[in-house]
Amino acid sequence: MIYIGIDPGLTGAIGVMFPYEEQAVYDLPTMQNVRAAEKGRVRLHLDPVALANLLAPFDPTECRVFIEYTQAGMKGALANYSLGHSSGIIMGVLSAMGFIYELVRPQEWKKEFGLIKAEKDASRKQAIALFPSLPLTRKKDHGRAEAILLAVYGHRHFTGPVF
């Protein structure tokens with residue numbers, strides 16, 4: 001079984017735990033918003049085609065996917081919209097490709113690693129301690145760290161068949 005954790009959002013990532021203790025992390029692919037670019041603004045959003053291409057090598061019947069369940073918060077309207085938009089794209093691509101996924105509240109998986117109310121960098125340090133060979137050296141790699149920790153959480157708590 002392959003366990004996939006997804007931290008949604010424009011700085012999010014995908015963490016993969018393959019059988020036999022192998023892991024990988026990938027940044028979520030983004031693309032320039034064409035209408036904003038026409039007006040000289042830089043606005044990114046998730047690239048669904050690139051996301052599908054990234055997931056294409058994986059057999060949905062051999063994978064279990066865990067997505068961090070995001071809710072509107074105190075971030076502001078545009079940030080909340082962007083996060084919801086990214087989450088919707090992720091769920092749509094996964095569904096279209098035949099993946100079964102579960103939404104996991106941040107409080108659930110973070111409790112597993114002692115990260116409740118911890119700074120973002122704490123998840124990166126935890127992931128480095130578990131997987132020192134993963135590319136998590138930059139402060140901004142917290143999305144990658146959270147994605148792989150979600151995959152670990154899923155691996156530890158998954159008890160049923162995919163179908």
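1. Leu83 is buried, since its relative accessible area is 14%, where buried means under 20% relative accessible area, exposed means over 50%, and partly exposed lies in between (1.4 Å probe, protein chains only). Leu83 belongs to helix H3, which covers residues 77-97; helices here are DSSP runs of H or I with at least four residues, strands are runs of E with at least two, and both are numbered from the N terminus. Leu83 and Gly12 stand 71 residues apart along the chain, and their C-alpha atoms are separated by 9.8 Å.

2. Before reading further, please keep in mind that this is a predicted model, in which local features need pLDDT of at least 70 and side-chain atom pairs count only at pLDDT 80 or more, while totals for chains, interfaces and linings use all residues. Residues are numbered from 1 along each chain as its sequence is written, and side-chain values use heavy atoms, with hydrogens and water left out.

3. On the overall fold, the protein has six helices and seven strands, and their order along the sequence is β-β-β-β-α-β-α-β-α-β-α-α-α. The radius of gyration is 16 Å, close to the 15 Å that the globule rule gives for 163 residues, so the protein is as compact as a globular protein of that length; this radius is taken over C-alpha atoms, and the rule is 2.2 Å times the number of residues to the power 0.38. Along its principal axes, the C-alpha trace spans about 50 × 35 × 30 Å.

4. Of the 163 residues in the protein, 42% are buried. Contact means heavy atoms within 4.5 Å, and among contacts between residues at least 6 apart in sequence, 59% join residues at least 24 apart. The protein exposes about 9000 Å², of which carbon and sulfur atoms supply 56%; such areas come from the Shrake-Rupley method with a 1.4 Å probe, and for residues only the protein chains shown count as cover.

5. The largest nonpolar core has 20 residues, and those with the most contacts inside it are Trp109, Phe113 and Ile148. Helix H6, residues 142-157, gives the most to this core, with seven residues. A second, separate core has 18 residues, including Ile4, Val16, Leu46 and Leu94. A nonpolar core is here a set of buried Ala, Val, Leu, Ile, Met, Phe, Trp, Tyr and Cys residues joined through side-chain atoms within 4.5 Å. In soluble globular proteins, nonpolar side chains tend to be buried together.

6. Which residues does Ile148 touch, not counting residues up to four places away in sequence? Its partners are Gly15, Val16, Met17, Gln23, Ala24, Val25, Ala127, Phe131 and Leu134. Gln23 lies in strand S3, residues 22-27, and counts as buried because its relative accessibility is 16%. With residues up to four places away in sequence again left out, Gln23 touches Val16, Met17, Phe18, Phe131, Leu134 and Ile148.

7. Arg144 deserves a separate look: this residue lies in helix H6 and is buried, with a relative accessible area of 15%. Leaving aside neighbours within four places in sequence, Arg144 is in contact with Ala13, Val25, Asp27, Pro135, Leu136 and Arg138. For the protein as a whole, there are 18 positive and 16 negative side chains, and the centres of the two sets lie 10 Å apart. Lys and Arg count as positive and Asp and Glu as negative, whereas His and the chain ends are not counted; the place of a charge is taken as NZ of Lys, CZ of Arg, CG of Asp or CD of Glu.

8. Pro19 sits in the loop between strand S2 (13-18) and S3, and is partly exposed, with a relative accessible area of 34%. Not counting residues up to four places away in sequence, Pro19 touches Met1 and Ile2. Pro19 and Ile2 are 17 residues apart in sequence and 6.3 Å apart in space, C-alpha to C-alpha.

9. Lys117 is in the loop between helix H4 (106-112) and H5; Lys117 is exposed, with a relative accessible area of 86%, and has a positive phi of about 60° although it is not a glycine. Lys120 lies in helix H5, residues 120-130, and is partly exposed at a relative accessible area of 48%. Leaving aside neighbours within four places in sequence, Lys120 is in contact with His142 and Glu146, while the C-alpha atoms of Lys120 and Met31, 89 residues apart along the chain, are separated by 25 Å.
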